[in-house]
Amino acid sequence: MSVDLCGIELAHPVINGSGTFDVIAARRVFGASLDEQFPFSAFVSKTITLQPRIGNPPPRLFETPAGLVNSIGLPNRGLAGYLEHDLPELATLAVPLITNVMGSNADEVGELFEALEGREEIAAIELNVSCPNVKTGLDIGSDPAELHRLLAAVRDKTSKPLIVKLTPNTADVALVASAAEASGADAVSLINTLRAFAADPAQPGKPWLGGGSGGQSGAAIRAVALAQTSAVAAAVKLPIIAMGGISSAANGRQFLDAGAVVIAVGTESFRDPAAAGAIRDGLAQLA
Amino acid sequence: MLTSSVRWGGGSDERPYLPRAISVLAAGDGQLSFVLEVVGPGTERLVELGAGDRLRLLGPLGKGFTAPDGDRRAVICGGGIGIAPLAMLQHQLLAQEVELVALLGFRDGAHAAGAKLLAGAQIATDDGSVGHRGLVTELLLAELDRDARAVIYSCGPPQMLEAVRAISVASGVPAQLALEAPMACGYGACFGCVVKINDGSFRRTCLDGPVVSADQLATDWLLGEGQR
């Protein structure tokens, strides 16, 4: 069951999607049993930004047919808070730690990379490129050329394995993945949430979510995620971390069969904190 | 407590998808009791359950009520479906011999039938069909006029909780409010159930609530009350 993810040995192929599991909170709720039965073979942090963010005003969630639209807004303590408060606690996990970061330009991303470079506790960096370019308004990760420019400027700021978390909100995700591969990425992860709108039932035309627009996750996006995983697998040689509505060993297996080496569980953990462990165990039986 | 049945999904609007956060009415002898009101596809599915059907439960979760300090009495003030955790609270406070009164508000006489879940409650109904005609917070103000050495315990519709919050802040009588927030996970993972607190930041209702002190809430916390 063990897998190699750009040089990091993982005991099995199931990790968490960034921002879908908070180890520090879960330890408060589940106590020592969380670490004893930790379901993930690596832990991916929520997105860390240079400055602290309080996140979007509520409501932040909207239940849809077989899914969820969220507009959480990447709340986090900021880089300094992460290094001081979160990292020491995350470092006590028995599994490799992947730190997810986002910056709105190459300077910000470069600063984040450099700050994490000396931290041995961090096995790899995942770069969230679902961030709007302040000048164009387009997500950096939606445009292969723009992603290439960003990665070319920051790739040498870290010697750690670099995973690029692709956005599905683009014309051709395989082209973006190819740009990531050509620009020094060591792995890609996909899919992030699909851009979505939740209509306020009481105010026609108005958004329900406090943050305005949101991102769709859950079983509703699984078929889309599988198509994008296949497309990326056909286009690049990089290891692929696949996610998007995975809820069972059987449908997780489909992502591995489509070319992923690792799968991530996200929204299903919200529905059931034991889901990822059951998927891991189920995959071992399928193997 | 988060609940979902084994047969989930496929209801109205192809929901429910997420589990539902529900307070416990009573616990003991290997049994848990809940009060349900059908407000959407989740509660719709839960009331369809019959004997022998299986339920997935996660809990107990979050922070509950704490007993009053010193010589303060307890003034329980709630309404609607929010009476469930107040009934459990009353049971626990009576076992600790805490002096208390219970004030409950309902839409009408039919809903007021739920008042029997608490012992000796004074009732207010919007239509006056049972008890005081008007708001339960009018009963609360009268009760605090009588004796303000109290802690208010409240659960109910958001507008009622806001009225109790404002009374607590204006009177200086501490209040513990049990909030309801739609949540995806119940254990701090999704960051979806936040409520705005008085320093302008957001706290997760599942971890730092659902019971919060009235003076901790931002004055505009009520914005963003959620989907059912």
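In this predicted model, the largest nonpolar core holds 152 residues, and those that touch the most other members are A:Val188 and A:Ile241 together with B:Ile76, B:Leu103, B:Leu104, B:Ile152 and B:Val164. The element that gives the most to this core is helix α2 of chain B, spanning residues 83-95, which supplies seven residues. Within chain B, the core draws at least three residues from each of domain 1 (2-58) and domain 2 (73-216).

The surroundings of B:Ile76 can be described in detail: when residues up to four places away in sequence are not counted, B:Ile76 touches B:Leu86, B:Leu89 and B:Gln90, as well as B:Leu100, B:Val101, B:Ala102, B:Leu103 and B:Tyr153.

The domain assignment of chain B gives domain 1, residues 2-58, and domain 2, residues 73-216, and the C-alpha centres of these two domains of chain B lie 23 Å apart. Their contact takes 11 residues from domain 1 of chain B and nine residues from domain 2 of chain B. On the side of domain 1 of chain B that touches domain 2 of chain B, nine residues are nonpolar, one is polar and one is charged.

Between the chains, 29 residues of chain A are in contact with 29 residues of chain B. On the chain A side, the elements giving two or more residues are α1 (23-30), β5 (61-64), β6 (67-70) and α9 (267-271) of chain A, and the largest share, four residues, comes from α1(A). Sorted by class, the side of chain A that touches chain B comprises 17 nonpolar, seven polar and five charged residues.

Conventions. Residues numbered from 1 in each chain as written. Chains lettered and ligands numbered in written order. Predicted model: local features only at pLDDT ≥ 70, side-chain atom pairs only at ≥ 80, totals over all residues. Contact = placed C-beta atoms within 7 Å. Nonpolar A, V, L, I, M, F, W, Y, C, P; charged D, E, K, R; others polar. Core = buried A, V, L, I, M, F, W, Y, C linked by C-beta atoms within 7 Å. Buried ≥ 20, exposed ≤ 12 C-beta atoms within 10 Å, placed from the backbone. Domains from an automatic or database assignment.
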